[in-house]
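Please look over the structure shown below, and then work through the questions that follow it. They turn to pockets and to the packing of helices.

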Amino acid sequence: MQDLVRSSVNVIKENQSPNGAYVASPNFANYRYSWLRDGAFIAFGMAAAGEYDSAEKFLRWAGAAVICQEPRFAGLLAKKREGKPIEPHEFLPTRYRLDGSIEEDGWPNHQLDGYGAWIWALAGYIELSGDQALLAGLLPAVNMSADYIAAFWNIPCYDCWEEFGDKIHLSTLACLYGGLQAAADLTGRRELLATAGRIRQFILENGVADSHFVKHLGWPEVDASLLWLAIPFRVFAPDHPLLQATVAEIERTLAAGGVKRYAKDTYYGGGEWIILTAWLGWYYTEMGRDAEARKLLRWIEARAGANGWLPEQVPENLNNPEFYPVWQKRWGAIANPLLWSHAMYLVLQFALKNNLSDRGQADAEAAR
Ligand code: BGC
């Protein structure tokens, strides 16, 4: 559906501030900020759509925001060296104001994943655009982010859903692994690969139950963000047996039409998320399961509003319907549009177009 590609690009462009920050969602009070995690995937989606200027502007913004945190990072390293306790709110934030400053309002901001994701997005942008010019100016921020990850990767922090701050999450570790791999490539610092290897080993030793990966240490169930272990961060190959078993479990417990986050999710009742539906489709393209990926693409297209907007989630097959009105009362309607949803739609389109291995099947489908 060409229109949704166009409106996705437009929604993202319209909600990018002149300095490059992406607003997570313009109509949802708590999301009028720029997250490193959302922004990384939004920039990648825009690069995949050939919108290099937008991606580049965000990456510059992210580099500048990160480097402003250098004094804070130095303080954290000093505390670590001296064996002093560090409170969650002292760590670097994942959510920034659009001007790059931080709002100290008690938001669960200690989320490590964005510091890996944005480096991965930078490497992805360079690969897709061929533009190397950006790198030199961003190296200090890349190095600082990699050092931050290397220092703190194995401590608890809030996950990508901003929950469970006392746990260690596999999707967070996936972002950190991918960020270190990308940083090693971009900076030539090979020692970062050794830390990435330790993260992978840690996951194998602590993050498996019933022959599949688990949401976080000590929680035996799956979360759809476990897909990140394969796509895009490649901690494990998409066809690794543990990964395949994890995907089978996600399909069995979380994927009725679209894809939910996790079985006990209560946020707006725990509905089906556009980003995760696109993610499962992205995974399918890597596994040569393009017909299933296309079905998910169509599912997403059918959830777009007449104005071409995609929400964060849709209240279908709710885990806990009684929580839907509770959240509506607390924070208003579900965030819509959500820029990350639009970006993941672009990524899935791109993945389908670029899956050469499956071209025969695509042609056959088109001919039908
Ligand atoms: C999601 C996060 C996201 C944030 C902004 C939260 O509800 O769980 O993953 O970063 O919204 O989009």
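Q: What volume does the largest pocket have, and which residues are the closest to its centre?
A: In this predicted model, the largest pocket has a volume of about 660 Å³. Its lining is made up of 25 residues, and those closest to the centre are Phe44, Trp120, Glu127, Pro232 and Arg234.

Q: Which elements give two or more residues to the lining of the largest pocket?
A: The lining of the largest pocket divides into 15 nonpolar, 6 polar and 4 charged residues. The elements that contribute two or more residues to this lining are helix 5 (113–129), helix 7 (170–187), helix 10 (274–286) and helix 13 (339–354).

Q: Which residues of the second largest pocket lie nearest its centre?
A: The second largest pocket, with a volume of about 340 Å³, has at least two lining residues from helix 2 (36–48) and at least two from helix 12 (323–331). By class, its lining has 14 nonpolar, 1 polar and 7 charged residues. Of the 22 residues that line this pocket, the ones nearest its centre are Tyr31, Trp161, Glu162, Arg261 and Tyr267.

Q: Are helix 4 and helix 6 roughly parallel or roughly antiparallel to each other?
A: The axes of helix 4 (residues 70–81) and helix 6 (residues 135–152) come within 11 Å and cross at roughly 25°, and the crossing is left-handed. Angles under 35 degrees count as roughly parallel, and therefore the relation of helix 4 to helix 6 is roughly parallel.

Q: How many charged residues does the contact of helix 4 with helix 6 have?
A: On the helix 4 side, the residues in contact are Glu70, Phe73, Leu76, Leu77 and Lys80, and they meet Met144, Asp147, Tyr148, Ala151 and Phe152 of helix 6. Sorted by class, this contact has 7 nonpolar residues and no polar ones, while the number of charged residues is 3.

Q: What is the angle at which helix 10 and helix 13 pack?
A: Helix 10 and helix 13 cross in a left-handed sense, and they are roughly parallel to each other. Their axes lie 8 Å apart, and the packing angle is about 15°.

Q: How many nonpolar residues does the contact of helix 10 with helix 13 have?
A: Helix 10 brings Ile274, Ile275, Ala278, Trp279, Gly281, Trp282 and Thr285 to this contact, and helix 13 brings Trp340, Ser341, Met344, Tyr345, Val347, Leu348, Ala351 and Leu352. The contact has no charged residues and 3 polar ones, and the number of nonpolar residues is 12.

Conventions
Residues are numbered from 1 along each chain as its sequence is written. This is a predicted model: local features need pLDDT of at least 70, side-chain atom pairs count only at pLDDT 80 or more; totals for chains, interfaces and linings use all residues. Side-chain values use heavy atoms; hydrogens and water are left out. On a 1 Å grid over the protein atoms alone, a cavity is a set of points where a 1.4 Å probe fits but cannot get out, and a pocket is an open set with protein on both sides within 12 Å along at least five of seven lines; lining residues have an atom within 4 Å of a point. Grid points are joined across faces, edges and corners, and a volume is the space filled by probe spheres set on the points. Helices (H or I, at least four residues) and strands (E, at least two) are DSSP runs, numbered from the N terminus. Ala, Val, Leu, Ile, Met, Phe, Trp, Tyr, Cys and Pro count as nonpolar, Asp, Glu, Lys and Arg as charged, and the others, Gly among them, as polar. Axes are lines fitted to C-alpha atoms, for helices over the stretch in contact, and angles run from 0 to 180 degrees between N-to-C directions. Angles under 35 degrees count as roughly parallel, over 145 as roughly antiparallel, 65 to 115 as roughly perpendicular and the rest as oblique. A crossing is left-handed if the near helix is turned anticlockwise from the far one by less than a right angle, and right-handed if clockwise. Contact means heavy atoms within 4.5 Å.
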